[in-house]
Every structure is written in C-alpha cells, then in structure tokens.
Amino acid sequence: MSDNERVKGGIPPWMAAYVDVARQLSQAGVTYIVIGVGGANFHTLNPSDTFETNDLDLLLPLDSRNLARAGDACDKRGFHVEADEPRRVVAERCTTRAARPIELAVDLTLEVAAFEFDELWAERRTFLVDKVEIPVAKLSQIIRSKAATNRERDRRFLAAHADRLRQMLDGDEI
C-alpha cells in the first residue's frame, strides 16, 4: 500500500509542469512511476530543497499500448514526442523523449538499473498534488538505481548530495 503525501499551500513552482504531465497521463490511463532526480524531488516536499534537473524520468511497464498512450498524452500537452513504433521501442527497451522547448523534457523509459517495473510499482509512494495522484519510486530505490547505472553524472550527483540524501531517507533503507 502506498502513502499519500499532500503538498500544502498549493503547487511548488518546480512541480507545476510535472503535475500538468501527470494529470494528462492519468486521464489517458497511463501506468508509470516517477524515477530519477525528479522522483527524488517529490520526497523533499520543500521547494528550497529540490535538486536541479531539466527532465522528468518516467518508468513504464513493457507494454506498447501503454507507451503509445503516454506519447499521445504528452503530445496533447504540447510536447514534441520523438517516437518510433511503440512495439519496436518496447522490444528494444528504448527511451522515448517528449520535450517542450525551454520548459521540460519527459523521458519515457522502459528499464532502469537494479529494478524491474513491478518491484518499484509494488513499493511506490503516491503523492497527491492538486488532486492528481503521482506514483513515485521510493527514494532508496532511486538512489540504488542511480548507483547501479554507474554513469559519471549519477556518481557526481550522489557524491555531491550524499549527506542530504541520507537525511531525506527518513528511515528508508539504502
């Protein structure tokens, strides 16, 4: 069962575009979970404590119809969707990027290091923001996934924010 976290006093500015996307995905019946730095930001719930990121990483299950609905939902919100045929994208586990110039990029990804979709989904936290339920991976899972990718940018992020991330875990095991 997931927790419901409510943002008090309205939507923080960094979250407005995320909520816009989440609302459209929800209306389209898309199954997804927020991962990456954007996912970590939901765990802060304090606009002054957010991490800088230019994209929103969404993990989707391996389902071409769900991916097509996600691409259509992003397109309806004015995102340019760099899409290929959904069945090929799912078979090859590619990432589809949807972007609005100067504002936000949304990466629709089908795999993440260290976890399968169902594992993250089973332990997700659901944040309720402006009447929109937003499924987010647990912070400990986001951290473990970033460490497992072993990309330079992820290593830099984890090293630069290690103390803050430890404080944010709030009992959530790494």
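F157 is buried, at 14% relative accessible area, where buried means under 20%, exposed over 50% and partly exposed anything in between (1.4 Å probe, protein chains only). Before going on, a word on the source: this is a predicted model, in which local features need pLDDT of at least 70 and side-chain atom pairs count only at pLDDT 80 or more, while totals for chains, interfaces and linings use all residues. Residues are numbered from 1 along each chain as its sequence is written, and side-chain values use heavy atoms, with hydrogens and water left out.

Now the rings. A search of the whole structure turns up 4 aromatic pairs; rings of Phe, Tyr and Trp (its six-membered ring) pair if their centres lie within 6.5 Å, and planes under 30 degrees apart count as stacked, over 60 as edge-to-face and the rest as tilted. F51 and F157 have ring centres 5.1 Å apart and planes at 75 degrees, so they are edge-to-face. F51 sits in the loop between α2 (36-44) and β3 (55-59) and F157 in helix α7 (residues 152-160), so this pair ties together parts 106 residues apart in sequence. Helices (H or I, at least four residues) and strands (E, at least two) are DSSP runs, numbered from the N terminus. F51 is buried too, with a relative accessible area of 4%. F157 also has the charged end of K146 over its ring, 5.7 Å from the centre; that label needs NZ of Lys or CZ of Arg within 6 Å of the ring centre and within 35 degrees of the ring normal.

Over in helix α5 (residues 117-122), F117 and W121 are 4 residues apart, or about one helical turn. Their rings are stacked, 5.6 Å centre to centre with 20 degrees between the planes. F117 is buried at 10%, whereas W121 is partly exposed at 28%. R124 lies over the face of W121, 3.8 Å from the ring centre. Elsewhere, ring pairs link Y18, F42 and F127 into a cluster.

Next, strand β6 (residues 104-109), where 6 of 6 residues are buried. In a regular strand, side chains alternate between the two faces of the sheet. Here both faces are covered: L104, V106 and L108 are buried on one side, and A105, D107 and T109 on the other.

What about its partners? Two strands pair if DSSP finds at least two bridges between them. β3 and β6 pair in the parallel sense over 5 bridges, and L58 has L108 as its bridge partner in β6. Strand β5 (residues 96-100) runs antiparallel to β6, also joined by 5 bridges, with A99 opposite A105. The β5–β6 hairpin has 3 residues between the strands, and I102 takes a positive phi near 70 degrees there.
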